[in-house]
Amino acid sequence: MEAAARYVKDGADLRDTELRLGLPGSEAPEKPAVPSTRGGKRALQEDDDMESRGKSRPLEADSAEAPAAKAQIVGWPPIRSYRRNSFPPRKAEAEAAGLYVKVSMDGAPYLRKIDLKVYKGYKELKEAMENMFDCFTQGEVSRKDGCSSGSESAITYEDKDGDLMLVGDVPWEMFISSCRRLRILKGCEVRVLRTRQYS
Amino acid sequence: MTYFPEEVVEHIFDFLSSHRDRNIVSTVCKAWYRVERLSRRSVFVGNCYAVRPGRVMARFPGTKCLSVKGKPHFADFNLVPHDWGGFALPWIEAAARGCPGLEELRLKRMVVSDESLELLARSFPNFKALVLVSCEGFSTDGLAAIATHCRGLRELDLQENEVEDHGRQWLSCFPDSCTSLESLNFACLKGEVNAGALERLVARCVNLRSLKLNRAISVESLARILVRTPHLVELGTGSFTVEHRAEAYQRLIHAFRKCKSLKSLSGFWDVAPRCLQSIYSICPNLTVLNLSYAPAIQGADLVKLIRHCFKLQKLWVLDCIGDKGLAVVASTCKELQELRVFPSDIYGTGTAAVTEEGLVAISSGCSKLNSLLYFCHQMTNAALITVAKNCPHFTRFRLCILDPGKPDPDTNQPLDEGFGAIVRSCNDLRRLSLSGLLTDTVFLYIGEYAARLEMLSIAFAGDSDKGMVYVLNGCKNLRKLEIRDSPFGDAALLENVGKYETMRSLWMSSCDVTLGGCKALAAKMPRLNVEVINDRVESDEMEENPSDMHKVEKMYVYRTLAGARNDAPEFVDIL
């Protein structure tokens, strides 16, 4: 890690233009005189061990800046596998790239794709979908729960089990994680869906 | 007492409820040994490899309740390779031969096959209760066998097991004549069950008091079940996914109002915060609440709920409750005895949720607190000293600072003084887990003050062999010691070899113990099994004959009367 002084040249602080791996707004810390995460003796030993065993060990404080770069220590934190598996790293997946799913509408000649992560909730999603397929629809897609007695359309989605589900039943976060594609049903199919729903 | 008839001695022994007391009286004289062994009904085997199953059944032919534990505790955290051992089948076979009157079987951290469940189901006509905790190796087919053949089954309790889903029909295998169930817990099953069969089952089991559903059970089904089981005391709700406007939700609220006996709630996997209102009517009676599987509930909603729970004795939550939420717990739950705060952010994306402040708040409000499991981002010596003063009754104290080896953030000091205060103040402390930056000093304190300590867990702590030696020489009631990633080597391991025969087991991984040290221990102590567990990852690098200087990655030492076990996989060397 460079000393801070080097970055001030001719009165200008060049840190702002420096290319780094750190998150914007975070400073590259100075290398600490005493490694703060371990006892001194332990740190040295650890370096030797890393060579001889090739195992991942906790990184030193100065390189553990970006949380995503932290090495995963086996069996740490000490929580039962059962509990660990109950909370899969959904966040990590979603953060990686946009959550693009195909959107089809019955009768439309081509499909569209939308990024589910962009929307904060069902209302925004439905509005976006209306706008997207506006040119193909004659009637209005209902704004209330995707289905009301007057309209002819219903917004459904295919979940990770492959089942066709009505949009709006489950909390938004759960919906995003299980939605694989969206489908706007029209006309008689909507009546079938509604009948099944209330039987 | 030799002039008392045996029946009288036996009757006196009936008053001894603990295994340890019965073990002690059996060593007084041959007559007492005989009376005790024939009248023992409940047998506890803490390490399945410490004694042969046949020997246990031969000594205690009248066994009605058998409890066996398998893998070492660190297996919970994936530190023990998958097929290390801990098989249930030999125990069930031996019981089938020697104790056909068996009524209850409790297994923890063992490998239980469908074959062994089928054998169990057919071998014991009076079988009443099966409790499996953190086990694996079986599927719903094994459960089907239990349901089919165990007439008069009272309890089927599956806690946090890995169960393979072979379909939903197992529950339908309970015959229509089965009305004896008092406790049914299948919360850990991933697959669906036949909702109709479940509803009929709970309806005809009029003595059902504990029911824990799995995530696949819908709220509609839950509502129907609750209507039929108004006397339930413990409920695990299943996913609790419902829209608050839905009819099912209204029915659920109505059903909850009828359940006047509910004292314990868990489940809530996918509950939306708003739907927690449905249980407000039950909260004033709750003594146990487990919300630790509900990450969607944030601090504010948790707090609203907990304000109603003033009789709470046991609370399990996620750390999104926050320090402020814990302050509310402290002011509301004056009867609190056990608190567990689990991390919601396991993968370290860095949202600080609870700190030492929350723990201090709890300690000042909940004077009856005796059991703690607390995952946090930081801890200070000052906080621990305060906690020690406020809560001298801790029997279990497990603190996990998520960043290994982290010092007191205020002073940059190790946490020796903080934990020292805990062991000095809590004279009844039986279990302790350490974390944060710690030197040998903390072990000096533990060795000196933790006289009743039975189980100690150490990770990323200590400076030298002295640390481990303080503990081995000091804690006279120590039964289980488990250490990972700490600089303890052969000198510490071999300092007090006799100690290990007074303990159940010692686990050391990623420490400085060498193969030579392990061999020396094994040579000195023939009644210990010294297992060297080689990680498969490493076995490519290892030569045919690793030198004695080679550091051992994982070592498990335990006292045993059974000698080296014959079911060890190839990556385990028993020295």
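**Close-up views of a predicted model**

**View 1. Helix α10 of chain B has an exposed face and a buried side.** Turned away from the buried side of α10(B) is a face that carries the exposed residues B:E247, B:R257 and B:K258. The structure shown is a predicted model. The helix spans residues 247–258, and its 12 residues reach 17 Å from first C-alpha to last, close to the 16 Å expected. Its buried residues are B:A248, B:Y249, B:L252, B:I253, B:A255 and B:F256. These cover an arc of only 165° around the axis, which puts them on the same side of α10(B). They pack against α9 (219–228) and β10 (234–237) of chain B.

**View 2. B:F397 belongs to the largest nonpolar core.** This core has 199 residues, and B:F397 and B:I446 have the most contacts inside it. Helix α10(B) gives the most to the core, with six residues. A second, separate core of 23 residues includes A:V101, A:V103, A:Y119 and A:V167.

**View 3. A:Y82 and B:Y293 form an aromatic pair between chains.** Their ring centres are 5.9 Å apart and their planes lie at 75°, so the pair is edge-to-face. A:Y82 is in helix α2 of chain A, while B:Y293 is in the loop between β12 and α11 of chain B. Both residues are buried. The charged end of A:R83 sits over the ring of B:Y293, 4.3 Å from its centre.

**View 4. B:F397 and B:F419 form an edge-to-face pair.** The rings are 6.4 Å apart centre to centre, with 85° between the planes. B:F397 lies in strand β16 and B:F419 in helix α15 of chain B, so the pair ties together parts 22 residues apart in sequence.

Note on methods: Residues are numbered from 1 along each chain as its sequence is written. Chains are lettered from A and ligands numbered from 1 in the order in which they are written. This is a predicted model: local features need pLDDT of at least 70, side-chain atom pairs count only at pLDDT 80 or more; totals for chains, interfaces and linings use all residues. Side-chain values use heavy atoms; hydrogens and water are left out. Helices (H or I, at least four residues) and strands (E, at least two) are DSSP runs, numbered from the N terminus. The expected span of a helix is 1.5 Å times one less than its number of residues. Buried means under 20% relative accessible area, exposed over 50%, partly exposed in between (1.4 Å probe, protein chains only). The arc is that of the directions from the helix axis to the C-beta atoms. Contact means heavy atoms within 4.5 Å. A nonpolar core is a set of buried Ala, Val, Leu, Ile, Met, Phe, Trp, Tyr and Cys residues joined through side-chain atoms within 4.5 Å. Rings of Phe, Tyr and Trp (its six-membered ring) pair if their centres lie within 6.5 Å; planes under 30 degrees apart count as stacked, over 60 as edge-to-face and the rest as tilted. A charge sits over a ring if NZ of Lys or CZ of Arg is within 6 Å of the ring centre and within 35 degrees of the ring normal.
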